[in-house]
Amino acid sequence: MRITVRTRTVSIMFFCIASALLLPANATTEPTDDALLGRGLTEKIYPFGVYIGEDPDMLYRLTPFEMVVLDVKLFSESQIQLLQDSGTQVYAMVSIAGAEIDTDAYRNYPRARLGRIAHTQNQVYMDPSLPHWRKYVVETRVNAAQSKGVDGLYLIDATVYSTVGSEKKDAVARGVAAILKRIRVNHSELKVIIEDPLAVFSTESFTRKKIRKLVDAISKTQVSFKPDYTAADGGQDTSIPQNAQRRQRVMQKLKTYQHNGINIYTIDFTQSESQKEIAEQRATNAGFTSFVGTRDLDTVLWYGGRTSSFATRPFTNDSVWNTPIESDAVVDSNSEAMVDTIQDSISLNRIFLNVHEWTVPIYYADNSTPTFVVDCTNGCGPGFTGSPGYETAAMPIPDGATPDDTTDGLMTVV
């Protein structure tokens, strides 16, 4: 297939390739956290995060995490490997008892369909007591995740137990236990975190000893704060405090599992800075890992620790870099030559992009960034003053910013 390059396409193409490692394409314009400015990819700031989305340009935004949970079917093996190379562990989100309507899982297992999953538009619970559903989960979903080279599994929809009638609860609990056991047998190399299992774990199908063998960690959502589903936005950006007695019961139950050697993650949803601090402090006091969820306007990004914009987007919203190319844009006169150059690179199974050296490190400055006097002896641009051959300018440079450690010595401050 022949590619046509339209005006501005080539520059934008290479900018987008770089953005997977440097910048999120749809980053917000809030002030950037100083701890993230100029850090290396292997430097970790947050312990845990869950990212729901398929924008590969978000990959750099995930590198500050020690561990991230992804819907890995939306990411390639090489993208997952990029995160792992940065030192970030990648867990695959896998539903053990859920399916989206009109997907193969929904269509192929009609007998397994249960009720709608609350607060979702197109998802239903599926019956883990049925052997053919359990086989599908382990041999299709888990195997697909494992094939991407992930470090572990983040299992969701154990809450199915609470939605079925009393006559079916024992069978569903046994089904959940059977899935966990089969995962351990088939994929002993993978770590397992299970979300919201407290109800099903309280049944006779699970003893504390058995739970410790089957899972490495428990994640409990809505411990201190939860979405307000009655709000006009459906709870996407509105939260309310969890019932105090319920919170205390849950925290006590989690501590019993923690004393049994199981790691505990608590997840809360709030946009309030004061509520975030409360949730984090409660979890920290209990020895849990706090995970405070927020919501990005363009994609959904839940992540633990204090929330922050990861990087600002360079240039104005109406600049050439941030506006779509018109559908009737004129084809560049050098289009064919530029496409040939790209295809020459592809023929070598790569598009060349310097990342670690012979490249341009990017740092970010704001009003609080310290300024330094920069000397210029050749090719000085706007802002420099003085005599030809020796001009100076005061420039903001973040602490710790260093140029590329090559003879080019390049560095950019945005």
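I began with the strand pair β5 and β6 in this predicted model: 2 bridges join β5 to β6 (residues 123-126), and the two strands run antiparallel. I looked up one partner and found that arginine 116 is bridged to valine 124 in β6.

Next I traced the sheet as a whole. I noted 3 strands in an open sheet, ordered β4-β6-β5, with antiparallel pairing. I marked β4 (98-100) and β5 (113-116) as the edge strands, since each pairs on one side only. For the twist I noted an average of 40° from one strand to the next.

Then I turned to helix α3 (residues 77-85). I listed its buried residues as Gln79, Ile80, Leu83 and Gln84. Viewed down the axis of α3, these buried residues fall within an arc of 145°, so I recorded them as lining one face of the helix. On the face turned away from that buried side I found the exposed residues Ser78 and Asp85. After α3 comes glycine 87, and I noted its positive phi, near 100°.

Last, I checked how α5 (residues 131-147) packs with α7 (residues 166-186). I noted that their axes come within 9 Å and cross at roughly 35°. From α5, I listed Arg134, Val137, Val138 and Val142, which meet Gly175, Ala178, Ile179, Arg182, Ile183 and Asn186 of α7. Sorted by class, I have 6 nonpolar, 2 polar and 2 charged residues in this contact between α5 and α7.

Key. Residues numbered from 1 in each chain as written. Predicted model: local features only at pLDDT ≥ 70, side-chain atom pairs only at ≥ 80, totals over all residues. Heavy atoms only, no water. Pairing = 2+ DSSP bridges. Helix = DSSP H or I, 4+ residues; strand = E, 2+ residues; numbered from the N terminus. Axes fitted to C-alpha atoms, helices over the stretch in contact; angles between N-to-C directions. Buried < 20%, exposed > 50% of the residue type's maximum accessible area, 1.4 Å probe, protein only. Arc of directions from axis to C-beta. Contact = heavy atoms within 4.5 Å. Nonpolar A, V, L, I, M, F, W, Y, C, P; charged D, E, K, R; others polar.
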